[in-house]
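Me: I have a chain open and want to get my bearings. Can you walk me through it, starting with a term I'll need?

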Amino acid sequence: MVRTRKTISALKQKQLLQEADSQCPFCRDRDVSTFEFHHIDGDPSNNDLNNLIVACSSCHTRITKGCLSEADVVTKKRELCWTLQTRRNTGQTAVNVNVTSSSFRGDIAQTITKISGVRAPRIVHPPNSVGANLAMKGYIDYLIARYFDYRKADRSYGRKTRFSHAVIHRRIQKEFGAKTFFLPESSFGNLVAFLTRHIDETIQGRRNGSGGIQNYHSFEEHCLKHNL
Ligand SMILES: [Zn+2]
């Protein structure tokens, strides 16, 4: 049976990006210009929202090459749906994304649809703030994502306290007196210490610690990895 590729509507593309909070679910890359849509069941005509997941082009290649298994993808999709539901329940507003056009890129894999003309929402942070410093902002984003992942893992150990991204940002604001990415660069060290302490104190963090597993990579490693 020949399966024909169908264009994914702009609305669906937008919903899928919102579901992923405009970052690659696998590597957290935020460069949406490289994002593609993956058909989970391999059927390019099945544009059901449950069958689609956004991924950056390199992670999409990892999926199509089998470096990321179908189970990994399905698990990730469930996680995204669950997180989106939590964001909605906690009243966090959805991220606005503009999908201006979509075009089919058929030269790489049967399952790829390339998004073009997509821009992530831009927030301007003041000069010398953590948010204006690409390296610092990236590392803080990474630590917060890490903390969120660990809190999610804690649920499997029976930790039932509800948690959302908004919670950690509120705690930071309370502790430091300003919003996370509006803090001055001089607060960066303390902010990192605050976040890494939170990660280390999760159940997953303590388990890793006692097993000699690193909970996160250092700022230096982050800069090296991203050529910053
Ligand atoms: Zn990726």
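Reply: Let's start with contacts. Two residues are in contact if their C-beta atoms, placed from the backbone, lie within 7 Å. Keep in mind that this is a predicted model.

Me: OK. Among contacts between residues at least 6 apart in sequence, what share joins residues at least 24 apart?

Reply: It is 65%.

Me: How many helices and strands does the chain have?

Reply: There are 8 helices and 4 strands. From the N terminus on, the order is α-β-β-α-α-β-β-α-α-α-α-α.

Me: And how much of the chain is buried?

Reply: The chain has 228 residues, and 24% of them count as buried.

Me: Let's look at H4. How many residues does it have?

Reply: H4 has 22 residues, running over 134-155. From first C-alpha to last it reaches 32 Å, close to the 32 Å expected at 1.5 Å a residue.

Me: Which residues of H4 are buried?

Reply: Met136, Tyr139, Ile140, Leu143, Arg146, Tyr147, Tyr150 and Arg151 are buried in H4. Look down the helix axis and these buried residues fall within an arc of 135 degrees, so they line one face of H4.

Me: Why would residues spaced like that point the same way?

Reply: An α-helix has 3.6 residues a turn, so residues three or four places apart point the same way.

Me: What covers the buried residues of H4?

Reply: The cover includes helix H5 (165-176), helix H6 (188-200), helix H7 (203-210) and helix H8 (219-225).

Me: Take H7. At what angle do the axes of H4 and H7 cross?

Reply: They cross at roughly 95 degrees, and the axes come within 7 Å. Angles of 65 to 115 degrees count as roughly perpendicular. H4 and H7 are therefore roughly perpendicular to each other.

Me: Which residues meet there?

Reply: On the H4 side, Tyr150, Ala153 and Asp154. On the H7 side, Ile203, Gln204 and Gly205. The residues of this contact divide into 3 nonpolar, 2 polar and 1 charged. Tyr150 is also among the buried residues of H4.

Me: Now H6. Which of its residues are buried?

Reply: Leu191, Leu195 and Ile199 are the buried residues of H6. Seen down the axis of H6, they fall within an arc of 70 degrees, so they line one face of the helix.

Me: What sits on the face turned away from that buried side?

Reply: That face of H6 carries the exposed residues Gly189, Asn190, Ala193 and Arg197.

Me: And what covers the buried residues of H6?

Reply: H4, H5 and H7 are among what covers them. As for its span, H6 has 13 residues and reaches 18 Å, close to the 18 Å expected.

Me: Switching to loops. Where is Phe181?

Reply: Phe181 is in the loop between H5 and H6.

Me: Is Phe181 buried or exposed?

Reply: Phe181 is buried, because it has 20 C-beta neighbours inside 10 Å. The cut-off for buried is 20 or more.

Me: What does Phe181 touch?

Reply: Leaving out residues up to four places away in sequence, Phe181 touches His125, Ser129, Val130, Gly131 and Lys137. The C-alpha atoms of Phe181 and His125 are separated by 7.1 Å, though the two are 56 residues apart along the chain.

Me: Which residue follows H1?

Reply: Asp21 follows H1, and its phi is positive, near 55 degrees.

How values were computed:
Residues numbered from 1 in each chain as written. Predicted model: local features only at pLDDT ≥ 70, side-chain atom pairs only at ≥ 80, totals over all residues. Helix = DSSP H or I, 4+ residues; strand = E, 2+ residues; numbered from the N terminus. Expected span 1.5 Å × (residues − 1). Buried ≥ 20, exposed ≤ 12 C-beta atoms within 10 Å, placed from the backbone. Arc of directions from axis to C-beta. Axes fitted to C-alpha atoms, helices over the stretch in contact; angles between N-to-C directions. Parallel < 35°, antiparallel > 145°, perpendicular 65-115°, else oblique. Nonpolar A, V, L, I, M, F, W, Y, C, P; charged D, E, K, R; others polar.
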